[in-house]
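Trainee: I would like to learn how to read a fold from its coordinates. Please take one feature at a time.

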Amino acid sequence: LEQDVARLDRLNIVGQMAANLAHEVRNPLTTVRGYLQLFGNKREFQHYKEQFTLLLDELDRTNHIITEYLALSKNKSIEMKKCNLNEIILTIHPLIKADAVSFNIETVLELGKIPNLYLDDKEIKQLILNFTRNAIEAMPSGGKLTITTTIDSKGTILSVADQGPGIPQQVLENLGKPFLTTKATGTGLGMAICYRIAHRHNAKLDINTGPAGTTINIRFETIN
Ligand code: ADP
Ligand code: MG
């Protein structure tokens, strides 16, 4: 537990610095993106369509990295309200599917009958997207991605399962530490953010991983 607290403190410092920087950087990026899009659509630049697409993709990737750093900022307040977790999943499903199909991945939803929960829906969306992004990145040549909701005696469980190669033992032992990544262009922030979001929701992460795939479970306590 002490280790967990120290880890969160470190995260807070990193997040604070990143938040200030990110706010400053984001506005000019938005301006650049707007003009790029405008020019890219002009007839005289049609020869450079591919380059414009690449530029916009790279800007979006930059923006995504900033979003991840911002998510670590401590002062972001949590807004809990009564939510239907299945509805949240259905809202972001098209996004996940669009990502998955380009890697030949089939997305399966198994949404059970679950009670409403007190959640920050924005944070839970981000948590699910971080899990599914990792799942997709673990199956670059296809497979099945399954999102499940179910209840047991202790609460409501959301699971994201993939058929990737599993998480290496050394990574597993350190999962949740910021900047831990095995990917060439990874930020190593996704799981750190997920642990923080879980912590803020008083929810517990539990990981099952092996050579046949990985299942990430998060359990929310039922509140009456
Ligand atoms: P990133 O995705 O930017 O590398 P994350 O914090 O999301 O950072 O994940 C950290 C590391 O955990 C990944 O680099 C990867 O090695 C491992 N990992 C996470 N999820 C999975 C998964 N579903 N299958 C295999 N490895 C995973
Ligand atoms: Mg990730």
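**Reading the model**

Mentor: Start with helix α3 (residues 85-101), which lies across β2, β4 (143-152) and β5 (155-162) and runs at about 170° to β2. Helices (H or I, at least four residues) and strands (E, at least two) are DSSP runs, numbered from the N terminus. Axes are lines fitted to C-alpha atoms, for helices over the stretch in contact, and angles run from 0 to 180 degrees between N-to-C directions; contact means C-beta atoms, placed from the backbone, within 7 Å. This is a predicted model, in which local features need pLDDT of at least 70 and side-chain atom pairs count only at pLDDT 80 or more, while totals for chains, interfaces and linings use all residues. Residues are numbered from 1 along each chain as its sequence is written, and chains are lettered from A and ligands numbered from 1 in the order in which they are written.

Trainee: In what order do the five strands of the open sheet come?

Mentor: Two strands pair if DSSP finds at least two bridges between them. Here the order is β2-β4-β5-β7-β6, with mixed pairing. β2 (105-111) and β6 (204-210) are the edge strands, each pairing on one side only. β6 and β7 (residues 213-221) run antiparallel and are joined by seven bridges; Thr209 stands opposite Thr214 in β7.

Trainee: Which residues touch the most other members of the largest nonpolar core?

Mentor: In soluble globular proteins, nonpolar side chains tend to be buried together. A nonpolar core is a set of buried Ala, Val, Leu, Ile, Met, Phe, Trp, Tyr and Cys residues joined through C-beta atoms within 7 Å. A residue is buried if 20 or more other C-beta atoms lie within 10 Å of its own, exposed if 12 or fewer, and partly exposed in between. This core has 36 residues, and Phe131, Val160, Ile193 and Cys194 touch the most other members. α6 gives the most to the core, with seven residues, and nine of the 11 residues of α6 are buried. Beyond four places in sequence, Phe131 is in contact with Val160, Cys194 and Ile216.

Trainee: How many residues surround ligand 1?

Mentor: A residue is near a molecule if its C-beta atom, placed from the backbone, lies within 6 Å of it. For ligand 1 the count is 21, and the closest are Asn134, Thr181, Gly186, Gly190 and Met191. α4 (121-137) and α6 (190-200) are the elements that give two or more residues to this shell.

Trainee: Is Asp60 buried or exposed?

Mentor: Asp60, in helix α2 (residues 49-71), is exposed because 12 other C-beta atoms lie within 10 Å.

How values were computed:
Contact = placed C-beta atoms within 7 Å.
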